[in-house]
Amino acid sequence: MSFDKDKLSLVDYFLKQEKYNVYKNKPRNNNVYLYKVDSKEFQIIKIIDDFSGEFNDFIINDEVVQTLRTFLNKKFQRAKLTILSIVLIENHSQIYKDDNGDVTLFVDKNNYLDRLSTYYPNITMLQKNNENDTSMAGMTTEEILDGIKDPNSKLTKNLKQLSDKLSVNNLGVTWVLIALLLIIPIVGIFFGSQIFNTQGLSEGATQLVYGGLTRDLLIWNNQWWRLWTYVLFSSNPLLVVLNLFLIFSVARYVEALLGRWRLSIILVVGIPLAGVFLAAVLPNWIFGGLTILLAILWGSLFSYNYGKEDLGALIANQRTLIIMLWLLIMPIFLGYSFYLINFVGFFVGSALGYALEFNRSYRVNWTILYPVFIIVTMIVVSTIALLWIRYVPPFNSAVINALLSYYRAGLLERSAIEEMLNNYYFYPKANWPIFLLQSQVNLNDIFFNLKEGISNLWQQ
């Protein structure tokens, strides 16, 4: 019988929870040797899963233990060192205690946690992890099929739990997201021309009217709300329908596996982070649509499932493979600029997905630098680019036309448009839209007539 999984679980527990260290002097056997000098119980732990031979000979002649004793005595000046030997063996349960405090446990799969809990009470957490474990690593096809056929097997129970999580009745955040992504396109298609007078506007101006993103409106008009709305509208109805289907496909797995609150954080934080980065490094772009949201969601699911072999991860990876192919193929037909959008979305999503999955009770290791590096880099680059005072943008007619649509709908004052033309674009007044020039002429005439009337009254 193989004890590899149990052995790894024990080593993982002692390293991450009890803060033991691995003795790196490679032994001639497959045993694992751990040490912790300031431990109140045992300073040395030995885990064996291939025990054979006489017990006394095995313990006394263990050269690695003797070497480790010498090493700890010399380095830490520790005179008394007690040893816990954990022997994983089939159908056996026995305890040996020496006069010097050393303990040897002969245990099997069914009792090793119970025996060890006498010395390490927190080790019972492994039992809970084993009960929730859905790993299919090492299972043959026959074992998987037998497990599915058995209604009482762990595999069948896990499959049912996953099915319940993916049920349409348990996808609260996903349904809210889909509803929001439907509202703006419906408004634009059926009521846009009446509300915002979008008829005749360019594609970029129409995108901005319905919440699209560009640097100019972020930093000058302080329309920071666009960091959350730029994903809501796309001018291509066919692309909207296809992306909505794919977003629902991946969002339901993100909500089922990561949980509602993690999905909510990924949406609330990931969408603006990707948006502000793109607006900062591509200041003349006008962009929006569902594609970047799709990349964020798939990136978060990819990093969360990376390296896992449990049932949920395997099914999610298989069912969402088409999304990866779509993100790679789609820019060939819609424009290579979508590759940049997709990559930014993927890295933002994967960084957040990994950061939210990271277990803070474990020792911090170098892998946590990945999300930290991605998030910090995007924030720093975006801040520097947006605060670049010397940058004078070229005139963008789509921006002004979008603002004029807001003005006609009563959502913006004319002075905001004039200020942007005059103090942001430094655009000559002679080239201003006729609508603004006529308004200025009429206003000047009113002031001139008022001034003349007051002067005549004074003379009388």
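Reader: What makes Tyr336 count as exposed, and where is its place?

Author: Tyr336 sits in the loop between helix H16 (321-334) and helix H17 (337-357); helices are DSSP runs of H or I with at least four residues, and strands are E runs of at least two, numbered from the N terminus. Its relative accessible area is 60%, and exposed means over 50%, buried under 20%, partly exposed in between (1.4 Å probe, protein chains only). Tyr336 is therefore exposed. The model is predicted: local features need pLDDT of at least 70, side-chain atom pairs count only at pLDDT 80 or more, and totals for chains, interfaces and linings use all residues. Residues are numbered from 1 along each chain as its sequence is written, and side-chain values use heavy atoms, with hydrogens and water left out.

Reader: Why are H14 and H17 called oblique to each other?

Author: The axes of helix H14 (residues 291-305) and H17 cross at roughly 40° and come within 6 Å. Angles under 35 degrees count as roughly parallel, over 145 as roughly antiparallel, 65 to 115 as roughly perpendicular, and the rest as oblique. The pair H14 and H17 is therefore oblique.

Reader: Why is Lys19 called partly exposed?

Author: Lys19 has a relative accessible area of 34%, so it falls between the limits for buried and exposed. Lys19 lies in the loop between helix H1 (4-16) and strand E1 (21-22), and its phi is near 65°, a positive value in a residue other than glycine.

Reader: How do you know that Phe426 counts as exposed?

Author: The relative accessibility of Phe426 is 54%, so Phe426 passes the limit for exposed. Phe426 belongs to the loop between helix H20 (414-424) and helix H21 (434-459).

Technical notes:
Axes are lines fitted to C-alpha atoms, for helices over the stretch in contact, and angles run from 0 to 180 degrees between N-to-C directions.
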